[in-house]
Amino acid sequence: MTSEPIRLGVVGLGRAFMLMLPTFRADQRIELVAAAAPREASRQAFENEFGGRAYETIEELCADPVVEAIYVATPHQMHRDHVIAAARAGKHVLVDKPLAISLEDGAAMVKACRDAGVHLIVGPSHSFDGPVVQAKRLIDEGAIGGVRMINAWNFTDFLYRPRRPEELDTSQGGGVVFSQGVHQIDIVRLLAGGRGRSVTAMTGKWDARRPTEGAYSALMTFEGGAFAAFTYSGYAHFDSDEWMDWTGELGHRKDPAQYGGARRALAKVASAQEEAALKTARTFGTGSEPPVADHHEHFGPIIICGDRGDLRLTPQGVHVYGDEERTFHSAAPVAVPRAEVADALFDAVRGDRPPAQTGAWGLASLEVCHAILQSAETGLPVDLRHQVSVTGEEGRDDRP
């Protein structure tokens, strides 16, 4: 396996790219060589910092022979076209979560990458977080025996941060189920073995000014008998980062004195256009960058119950509660933010060793998102048919 850096192109220089920027700057295994973005200011900022080529269109990026893999960091509704274009050009793909909005689009993306013989990785999601990976390793080593139950919670002000109109429209992939739920789904699937059997859920649409799902609670069962209950509220006044020692989702210290800041800022916005402009101000080349993380990222409190013990995840590591003693396993210091995502991309492209979070995995998690919405609408459990295990073994349904 060659150790040469992966020559990566990026389509979309918005918020998703901004959150991966510290990784790209610090990880020597990845070299940013090209980008595509509609805004001239972002393209110019990319060329100024990275010295590569910045194009207006995905087609020009895909035609660049220097690029060997493409990070698709565009809005959800563009994923299908951009992933298929990259695959047909013979580029490996890292696509931001969720894989797509519809299952049909997701299946087409997985098929296109398989037909082209390129890797498709769906991420980053919080299933790549260091303590989640650490907990998975402890489970595999038998630290708590078989996994029986997982509980996960996250309470945020997600719905009151600046949003584009489509981010408040469920049919366009908006709302917390597609944008946030997929994080919890990826985490509980990774820790419970991957293949779910059914989902029962309720969702909340409680603010007519933000007409999409802002909260949900779901109960998911898995092959082997384990189950997971996970809850998310984007309407929250309580901030569950308080339970994470005031470490924010991105691993930085959070000031509790800033309580209510998102709602206060939104109250000053006069129109949807003004709000969208605030979101644009957080893109590359136009706005401030996220704070530097001094801890691992997290997605709220998570407790895993096993036959012989429990695990509790924190941004600093994992607590193990056994029958007669409790121990704490510190996470490795954060040398490179989101290094686990870079690990996955490098191992797949250079070593042909894909992570759990493949395209088929992303399709399975997307299926759970739809199952949450369907169960909430019908009041009935929804059977899952597109599930894959952590090692890629597929379930009852046909391959896409």
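My entries follow, topic by topic.

**Before starting.** I noted that this is a predicted model.

**Salt bridges, the count.** How many salt bridges does the structure hold? I got 21.

**Glu68 and Arg7.** I looked up this pair and found a salt bridge, with the closest N and O atoms 3.6 Å apart. The two ends come from distant parts of the chain, 61 residues apart. Glu68 is in the loop between helix H3 (58-62) and strand E4 (69-72), while Arg7 belongs to strand E1 (residues 6-11). Are the partners buried or exposed? I wrote down Glu68 as buried, because its relative accessibility is 15% and the cut-off for buried is under 20%. Arg7, at 28%, counts as partly exposed.

**Glu213 and Lys205.** Their side chains meet in a salt bridge, 3.9 Å from N to O. I noted a contrast in cover here: Glu213 is buried at 9% relative accessibility, whereas Lys205 is exposed at 54%.

**Glu393 and Arg195.** I have a salt bridge between these side chains at 4.0 Å, N to O. Glu393 is partly exposed at 48%, but Arg195 is buried at 14%.

**Negative patch.** Which residues gather in a patch of negative charge on the surface? I listed Glu40, Glu56, Glu59, Glu60 and Asp81. I followed up on Glu40, which lies in helix H2 (residues 40-50).

**Buried polar side chains.** I checked Gln357 in the loop between helix H10 (339-351) and helix H11 (359-378). Gln357 is buried, with a relative accessible area of 5%. Its side chain has a partner, as a polar contact of 2.9 Å joins Gln357 and Ser127. Next I checked Asp27, in the loop between helix H1 (15-26) and strand E2 (30-36). Asp27 is buried as well, at 6%. What does the side chain of Asp27 make a polar contact with? I found the side chain of Arg29, at 2.8 Å.

I kept the general rule in mind: most residues other than glycine have a negative phi, and most peptide bonds are trans. I logged a cis peptide bond joining Lys97 and Pro98, with omega about -10°. Pro98 is in the loop between strand E5 (92-95) and helix H5 (103-116). I also logged a cis bond from Gly123 to Pro124, omega near 5°. Pro124 has its place in the loop between strand E6 (120-122) and helix H6 (130-140).

For phi, I noted Asp245, positive at about 60° although it is not a glycine. Asp245 lies in the loop between strand E10 (227-233) and helix H8 (261-267). Asp352 has a positive phi too, near 55°. I placed Asp352 in the loop between H10 and H11, and it counts as exposed at 55% relative accessibility.

Methods
Residues are numbered from 1 along each chain as its sequence is written. This is a predicted model: local features need pLDDT of at least 70, side-chain atom pairs count only at pLDDT 80 or more; totals for chains, interfaces and linings use all residues. Side-chain values use heavy atoms; hydrogens and water are left out. Patches are made of residues with over 30% relative accessible area and no salt bridge: like charges are joined within 9 Å, nonpolar side chains (Val, Leu, Ile, Met, Phe, Trp, Tyr) within 5 Å. Accessible areas come from the Shrake-Rupley method with a 1.4 Å probe; for residues, only the protein chains shown count as cover. Lys and Arg count as positive and Asp and Glu as negative; His and the chain ends are not counted. The place of a charge is taken as NZ of Lys, CZ of Arg, CG of Asp or CD of Glu. Helices (H or I, at least four residues) and strands (E, at least two) are DSSP runs, numbered from the N terminus. Buried means under 20% relative accessible area, exposed over 50%, partly exposed in between (1.4 Å probe, protein chains only). A polar contact is a pair of N or O atoms within 3.5 Å; within protein, one must be able to donate a hydrogen and the other to accept it, and residues adjacent in sequence count only if both atoms are side-chain atoms.
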